[in-house]
Amino acid sequence: MSKNTEGMGRAVVIGAGLGGLAAAMRLGAKGYKVTVVDRLDRPGGRGSSITKGGHRFDLGPTIVTVPDRLRELWADCGRDFDKDVSLVPMEPFYTIDFPDGEKYTAYGDDAKVKAEVARISPGDVEGFRHFMWDAKARYEFGYENLGRKPMSKLWDLIKVLPTFGWLRADRSVYAHAKKMVKDDHLRFALSFHPLFIGGDPFHVTSMYILVSQLEKKFGVHYAIGGVQAIADAMAKVITDQGGEMRMNTEVDEILVSREGKATGIRLVDGTELPAQVVVSNADAGHTYKRLLRNRDRWRWTDEKLDKKRWSMGLFVWYFGTKGTAKMWKDVGHHTVVVGPRYKEHVQDIFIKGELAEDMSLYVHRPSVTDPTAAPKGDDTFYVLSPVPNLGFDNGVDWSVEAEKYKAKVLKVIEERLLPGVAEKITEEVVFTPETFRDRYLSPLGAGFSLEPRILQSAWFRPHNASEEVDGLYLVGAGTHPGAGVPSVIGSGELVAQMIPDAPKPDTPAQAPAQTAAAPAAKAASSKARTSRSKAAQ
């Protein structure tokens with residue numbers, strides 16, 4: 001093994017997902033020489049893309065709900081996010097299409113929201129308003145407070161328990177919506193959001209209604225070029241800092257000294273990369289079960305990980321259509337197509353592990369906003385269906401079921417949303433939970449790592465500073481604060497809070513330490529030092 005001193009001032013980040021890229025940017029701003037290693041061919045992880053026949057298929061997240069989080073990240077690195085990425089606000093945010101013909105359209109404008117609620121159920125206007133007030137309270141506590149602090153000590157949990165009690169964290173998201181409004185359409189509209197971070201709305205803590213406040217406060221945005229454009233811009237910041245992106249490179253093991261300190265990584269080809277700091281953006285389950293397989297673990301043993309509840313799987317059908325840009329004019333950028341069952345269907349997915357005949361779908365049509373998503377006159381679509389993960393005894397054999405399920409999805413979207421679409425399809429890609437398992441090394445093919453139930457959130461999740469190995473840090477959906485673009489970006493901020501600045505070289509030319517510099521100023525100074533060093537070389 002390489003001597004630990006060889007890694008001084010160096011940081012290795014395993015995985016180029018958004019959490020890993022955010023951590024790498026911040027470590028570069030703290031003076032580390034950063035190497036990011038990822039087995040895929042492009043940065044972004046689950047937010048990367050595939051292009052076929054001129055159609056760009058954004059593989060994972062499609063929206064940005066807290067652009068300020070990205071702007072803060074760029075500023076702390078001495079950069080301007082809006083010069084690197086073009087964000088477009090969505091208005092309306094999305095439309096929910098119900099099986100009885102009713103539609104609910106989510107807007108950023110309060111007056112439009114009130115009118116939409118009053119149109120559907122006049123008696124629920126006040127209850128809807130109260131729900132949003134509750135969402136604001138949970139946002140201020142759960143996102144701005146709890147979500148922006150490490151939860152690595154038991155005391156971090158104990159001291160917030162009274163607030164959890166006051167906010168009724170024991171109540172599920174759906175139970176809270178049901179208490180506030182009577183109309184079933186509105187109950188769905190207020191409770192479905194946990195599905196987009198891997199949670200069962202009937203069991204996930206009501207703390208997650210804060211997502212409604214994120215939409216209201218910051219709006220819903222789309223990045224021209226997709227989330228891939230954000231990931232590419234992040235990678236550019238890292239290389240501008242003097243860091244390195246190693247794509248198509250897989251990590252085999254995290255190296256640990258006899259004293260229990262992470263000293264670097266070993267690649268599958270046997271190459272060792274020594275480092276003072278190791279950050280894993282691999283799924284927390286993969287990090288502990290595979291990358292630390294030769295290390296005795298006391299908290300995250302294989303047995304304990306196997307007992308955890310993992311988020312649902314995803315069936316995602318990406319397809320391009322020819323000459324359809326002027327068709328389906330009432331189908332916008334984001335549409336949720338609701339199936340005939342809600343609670344029972346969610347139970348099939350999360351509890352029974354059964355692939356149901358009916359389904360609810362999220363339909364993404366980026367080409368109505370982004371001309372780079374499809375050839376001129378054409379469309380690019382992505383249709384997502386929540387399905388069971390691979391952890392059930394009666395598990396789905398996707399090698400057999402994928403084509404059958406795609407046919408069912410096609411039938412639903414032709415009947416409900418896109419009549420005649422079948423004969424317009426020219427390119428397609430299908431992802432199943434088996435794809436998530438093999439492409440992203442996600443345990444059980446889960447779409448969002450650990451399910452965010454109350455006893456799998458905050459302190460109960462794998463900590464950002466590993467409990468098992470000193471000098472190892474975790475980012476991404478499987479750790480605190482959880483899944484979703486704002487949270488995984490935030491996990492990079494949390495590890496940066498815990499990692500000291502890189503040791504400065506002991507040379508006569510070294511400038512005096514700045515004791516009170518703002519983060520952006522420190523980042524700019526670090527970048528300038530890197531530039532001078534390159535020039536000297």
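Reader: Where is the place of Ser466?
Author: Ser466 sits in the loop between α16 (433-440) and β19 (472-474). Helices (H or I, at least four residues) and strands (E, at least two) are DSSP runs, numbered from the N terminus. Before we go on, this is a predicted model, where local features need pLDDT of at least 70, side-chain atom pairs count only at pLDDT 80 or more, and totals for chains, interfaces and linings use all residues. Residues are numbered from 1 along each chain as its sequence is written, and side-chain values use heavy atoms, with hydrogens and water left out.

Reader: What does Ser466 touch?
Author: Leaving out residues up to four places away in sequence, Ser466 touches Tyr288, Leu472, Tyr473 and Leu474. Contact here means heavy atoms within 4.5 Å. With Tyr288 there is also a polar contact of 2.9 Å between the two side chains. A polar contact is a pair of N or O atoms within 3.5 Å; within protein, one must be able to donate a hydrogen and the other to accept it, and residues adjacent in sequence count only if both atoms are side-chain atoms.

Reader: Which sheet has β19 in it?
Author: β19 belongs to an open sheet of 5 strands, in the order β9-β2-β1-β13-β19, with parallel pairing. Two strands pair if DSSP finds at least two bridges between them.

Reader: Why is one side of β9 and of β19 left without a neighbour in the sheet?
Author: Because β9 (244-246) and β19 stand at the edges, each with a single partner strand. On average, neighbouring strands of this sheet are turned by 20° against each other, direction ignored. For such angles, axes are lines fitted to C-alpha atoms, for helices over the stretch in contact, and angles run from 0 to 180 degrees between N-to-C directions.

Reader: How many bridges link β13 and β19?
Author: β13 (residues 277-280) and β19 pair in the parallel sense over 3 bridges. Val279 has Tyr473 in β19 as its bridge partner.

Reader: Where are the cis peptide bonds you can show me?
Author: One joins Glu91 and Pro92, with omega about 5°. Pro92 is in the loop between β5 (87-89) and β6 (94-97). Another runs from His480 to Pro481, with omega near 10°, and Pro481 lies in the loop between β19 and α17 (485-498).

Reader: Which residues have a positive phi although they are not a glycine?
Author: Among them are Leu441, with a phi of about 55°, and Ser449, with a phi of about 65°. Most residues other than glycine have a negative phi, and most peptide bonds are trans. Leu441 is in the loop between α16 and β19, and Ser449 is found in the loop between α16 and β19 too. Leu441 is partly exposed, with a relative accessible area of 23%, whereas Ser449 is buried at 1%.

Reader: Last one: how many cavities are there?
Author: The count comes to 5 cavities of 30 Å³ or more. On a 1 Å grid over the protein atoms alone, a cavity is a set of points where a 1.4 Å probe fits but cannot get out, and lining residues have an atom within 4 Å of a point. The largest cavity has a volume of about 180 Å³; grid points are joined across faces, edges and corners, and a volume is the space filled by probe spheres set on the points.

Reader: What lines the largest cavity?
Author: It is lined by 18 residues, of which Phe188, Leu195, Ser360, Leu361 and Pro386 lie nearest its centre. The largest share of the lining, 3 residues, comes from α14.

Definitions and conventions
1 Å grid on protein atoms, 1.4 Å probe; cavity = no way out; pocket = protein on both sides within 12 Å on 5 of 7 lines; lining within 4 Å. Buried < 20%, exposed > 50% of the residue type's maximum accessible area, 1.4 Å probe, protein only.
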